[in-house]
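This briefing is for a reader who is new to the structure shown below. Please look over the sequence and the model before reading on.

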Amino acid sequence: MKRVIIIGATSGIGRQLAKLFVDAGFIVGATGRRKHLLEELKSEHPEKIFISAFDITDTDTVPEKLAVLVKEIGGLDLLVLSSGTGHVNHALDFALEREAIDTNVLGFTLIADWTFDYFQKQRSGQFVGISSIAGIRGGRHAPAYNASKAYQISYMDGLRHKAAKLKLPIVITDIRAGFVETSMAKSEGAFWIAPVEKASRQIYRAIRNKESVAYVTKRWVIIALLLRVIPRAIYQRI
């Protein structure tokens, strides 16, 4: 039986993924900051879902919390990092920028490193990070969010390179999400907003297919290509 830990399973994509993996026969370790929501999730499948409440920015305690959860679920084959934050921040309020950095850079790095180290010792595994289409170019609405997602994209590429050089079957899956109907869909003029269920199903399939990079929903690959080729002078006028 496969074991998965989902970081950020209290709501949105993470919660929906937990349900999909349970339905597929996985034992699920679910984490998040809001314990009462984790307890609600566990009550739906008390024998298949194990929970641990923590904030990934609490870098002093996260490794121990993860180790305990892995022991409770009996091992680890897959870890999905679905926890992230960002704010529309026209005033460049540093408190808001720091929150994005602490979660999307510091917390992300800690989880990614801990997971890769575990899989390196195990000599197999899959790490999934949910980054964003926003990581392809900088953005005026939420500068730290875009920059932090670019960091995640680059970091996962580095881990993929590291696994290849080690010649280990460690899969790194980068899910570059567009707008999904969650609390994160705050950007002005947001379009192509996908229901959580649809986005989660596409993410689930990409994970099971062990894709290196997947755009969710799939139509966002068009925007990704445009963002890469559009001249800077034009982009800055958008």
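Is S200 buried or exposed? S200 is buried, because its relative accessible area is 0%, where buried means under 20% relative accessible area, exposed over 50% and partly exposed in between, with a 1.4 Å probe and protein chains only. This is a predicted model, in which local features need pLDDT of at least 70 and side-chain atom pairs count only at pLDDT 80 or more, while totals for chains, interfaces and linings use all residues. Residues are numbered from 1 along each chain as its sequence is written, and side-chain values use heavy atoms, with hydrogens and water left out.

**Overall build**

- The chain contains 8 helices and 7 strands; these are DSSP runs numbered from the N terminus, with helices (H or I) of at least four residues and strands (E) of at least two.
- The C-alpha trace spans about 55 × 40 × 35 Å along its principal axes.
- Of the 238 residues in the chain, 47% are buried.
- Among contacts (heavy atoms within 4.5 Å) with a separation of 6 or more, 65% join residues 24 or more positions apart.

**Surface and charge**

- The chain has an accessible surface of about 11,800 Å², and carbon and sulfur atoms account for 53% of that surface; the areas come from the Shrake-Rupley method with a 1.4 Å probe.
- There are 33 positive and 23 negative side chains, and the centres of the two sets are 8 Å apart.
- Lys and Arg count as positive and Asp and Glu as negative, with His and the chain ends not counted; the charge is placed at NZ of Lys, CZ of Arg, CG of Asp or CD of Glu.

**Surroundings of S200**

- S200 belongs to helix α6, residues 196-208.
- Apart from neighbours within four places in sequence, S200 is in contact with I13, Q16, L17 and L20.

**Aromatic rings**

- The whole structure has 8 aromatic pairs, meaning rings of Phe, Tyr and Trp (its six-membered ring) with centres within 6.5 Å; planes under 30 degrees apart count as stacked, over 60 as edge-to-face and the rest as tilted.
- The F108 and Y155 rings have centres 6.1 Å apart and planes at 85°, so this pair is edge-to-face.
- Because F108 is in helix α4 (residues 94-122) and Y155 in helix α5 (residues 143-166), the pair ties together parts 47 residues apart in sequence.
- F108 counts as buried at 2% relative accessibility, whereas Y155 is partly exposed at 22%.
- One aromatic cluster is formed by F108, F127, Y151 and Y155.
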